[in-house]
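My entries follow in the order in which I looked things up.

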Amino acid sequence: MRFSQFGLTTLKEVPADAEIVSHQLMLRAGLIRRLASGLFTWMPLGLRVLRKVEAVVREEMDRAGALELLMPAVQPAELWQESERWDKYGPLLLRMTDRHNRDYCFGPTHEEVITDVARRELRSYKQLPVNFYQIQTKFRDEIRPRFGVMRSREFIMKDAYSFDLDQAGLEESYARMHTAYIAIFERLGLKFRVVDADSGEIGGSRSQEFHVLADSGEDAIAYSDEDNYASNIETASTSSEGINTPAATAQMEKVATPGVRTIKALCDFLNITASDTLKTLIVEGADGPVALVLRGDHDLNAIKAQKLPGVSSPLTMASPESIVKATGCGPGFVGPVGLDIPIIYDHATLGMGDFVCGGNEKDTHYTGVNFGRDVELAESVDIRNVVAGDTTPGGKGSLCITRGIEVGHIFQLGTQYSEAMEATVQNPDGKNQVMSMGCYGIGITRIVGAAIEQNHDDAGIIWPAPLAPFDVVLVPINMRRSDAVKEAAEALYTELREKGFEVLLDDRNVRPGVQFADAELIGIPHRLVISERGLAAGELEYRHRNDSESRDLKREEALELL
C-alpha cells in the first residue's frame with residue numbers, strides 16, 4: 001500500500017475530548033473518526049487492525065469446533081418478552097418500532113435469538129453438543145459513552161452459544177471455549193489474566209472474564225501468583241478464618257463530634273486511623289432498612305451485598321428520611337450500639353477492638369467500643385472489596401491488586417434461557433429435555449483499544465506484531481528528488497510484497513521528520529529507511545518500533561532479519 005493512495009490523515013494535536021491514551025492515539029493515527037456520541041467510523045487503517053483480530057478469533061473458534069452463523073442485529077420484542085428481559089434489561093436496550101407499530105430492539109446480545117434458532121433446528125440429543133458463533137454489531141445505549149471504543153454504544157463482538165444435553169456436557173463445552181480464548185489472546189500478543197467474575201445481566205451459574213492488563217483498566221483484579229488465584233474484585237472473596245476478636249482495653253464513651261459525618265473527618269477530629277473506625281451503611285431491605293457494618297477503611301461490595309437474604313436487589317441505599325425514621329439520627333452518626341434494625345457485619349469487623357462508631361445521635365460518636373461487651377458478638381459475612389495484602393481464599397499467600405480491561409467473558413448459563421423459551425431436544429429415553437447453554441463473548445473492537453493501552457509510548461502505538469496494520473514501513477528520503485532512492489524503494493517494495501509482507505510505502509512529498517513521526521505514531525513494527533547515503537554504502541537503515549536506536553544493515557541482512 002502506498003501512503004499517498006491510502007487516504008490516511010494523522011493528527012499532531014491530542015483531541016480535546018479524548019480522555020485515555022487509546023482514544024487519543026486511535027484518533028491521531030487515523031484509525032477511527034467520531035460520528036456521534038459513542039459512534040465511530042473505522043477508517044481503512046483501523047479496519048485492517050480490526051480484521052486481524054477477527055481472523056485470529058475465527059481461526060480459534062473454528063479450531064474449537066464452533067459453527068459460524070450471522071443473526072439479525074434487530075430483534076423482535078416477543079423473544080425478549082419470552083425470556084422476561086424486555087423490561088428487566090433497562091435503558092441500555094435500544095427499543096424501536098416499525099411502520100406496523102411492532103416493537104423491536106437493536107441487539108446488545110443474542111441469547112434470545114440463538115435460543116430461538118436452537119429450538120427450531122435441534123430435535124435430538126444426537127445433534128448435541130453444538131456451538132454457534134457470530135461476529136456481529138451490537139448496540140448498548142450507554143448513559144455516558146466514553147474512552148473511545150472502550151465504552152462506545154455501537155461495537156463489534158464475537159458471541160458464541162453452546163447447547164448440551166446436561167450440565168456435564170456444558171462443562172466440557174465451557175472448557176473448550178476457555179482453552180480457545182487463551183489461545184486467542186496469546187496469539188494476539190497480549191498480556192492478560194483470566195479471573196472469576198459475576199454473571200451480571202446475562203445470568204448463569206459460573207463466569208470468567210479475560211482481562212488485558214493495563215494501568216488504565218476500569219476493572220480491579222485481585223490475584224495471587226502463589227496459588228494461581230485470580231478474580232474480579234467484585235467477586236474476590238474474604239473469610240473469617242484466622243480473625244480473632246481482641247479483649248477490651250478501653251471503656252466505651254460517647255463523645256461530641258459536631259458536624260463530623262465522614263470517616264476522614266472523624267479520623268482528623270479524633271486523631272485516629274480509618275482502620276480504628278467502624279462504619280454503618282443503611283440500605284433498603286425486603287422488610288425495611290438493614291444496616292451493613294464494615295471497617296472504616298474498607299469499601300462495600302454491592303454485588304455481594306445485594307445477594308444477601310433480606311437485602312434488596314439491586315442494592316439501594318436508604319434515603320435520609322428512612323435512616324432518621326429507623327435509627328433516630330441522620331446519616332453519618334449511625335452505629336450498631338443499641339441499633340434496633342437487622343445488622344449484618346463484615347468478617348473484618350470481628351477483628352476490631354476499642355473501635356469508634358456512630359452514636360445514633362446527631363453530632364456524637366462512641367469510642368472504646370468492643371464486641372461481646374458493648375455490641376453483641378454476631379456472625380459475619382463477606383460484604384467488602386478485597387484489598388492488597390488480604391489472604392487468598394485458598395490460604396496460600398496474599399492478594400495483589402492490578403487493573404485490567406475486560407475483553408472476553410464466558411458464562412455457564414445452564415437452562416435459564418432454554419427453559420424460559422422451551423428449547424428442548426429428545427433425550428435417549430425419548431423424553432423432551434431442556435438443553436444446557438453456555439455463552440462466550442469477545443469484544444472485537446475493544447481488543448484494539450486495550451492493545452493500545454497496553455502497548456504505547458510517548459511517540460505513539462507499539463502494535464504487537466499479529467495486530468499491526470502493516471508489517472513494514474518503507475521510508476525513502478527525498479525520493480521525489482532522487483531517482484536512485486525511488487528505484488531502490490520501488491524494488492524493495494515489490495520484493496517484500498512478493499515475499500508475503502504487508503508493506504506501507506511512504507511515498508509522500510514531506511519532510512523526513514514527518515515520515516518518521518507518522519511511522520512511530522502508527523506503530524508499524526519494522527521500519528526501513530532508504531537514502532542516498534545508505535545506497536552509496538549498500539545499506540538500509542533498520543529500526544524496530546520497540547528499539548531506541550537504528551542500525552545500518554546490508555540489504556540482504558535486512559531481508560533476512562524480516
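**Strand pairing**

I noted that Gly358 stands opposite His365 in S18. Strands (E, at least two residues) and helices (H or I, at least four) are DSSP runs numbered from the N terminus. The model is predicted, with local features needing pLDDT of at least 70 and side-chain atom pairs pLDDT 80 or more, while totals for chains, interfaces and linings use all residues. Residues are numbered from 1 along each chain as its sequence is written, and side-chain values use heavy atoms, leaving out hydrogens and water.

I found that S17 and S18 (residues 364-369) pair in the antiparallel sense over three bridges; pairing requires at least two DSSP bridges between two strands. The open sheet has the order S13-S18-S17. Its edge strands are S13 (253-256) and S17 (355-358), each pairing on one side only. I recorded an average twist of 30° from one strand to the next.

**Helix packing**

I then looked up H2 (residues 21-28) and H11 (residues 444-454), whose axes come within 8 Å and cross at roughly 105°. Axes are lines fitted to C-alpha atoms, for helices over the stretch in contact, and angles run from 0 to 180 degrees between N-to-C directions. H2 is therefore roughly perpendicular to H11 (65 to 115 degrees; under 35 is roughly parallel, over 145 roughly antiparallel, the rest oblique). The contact (heavy atoms within 4.5 Å) involves Val21, Ser22, Leu25 and Met26 of H2 and Val448, Gly449, Ile452 and Glu453 of H11.

Lastly, I noted that H3 (residues 44-63) packs with H11 at about 115°, their axes 9 Å apart.
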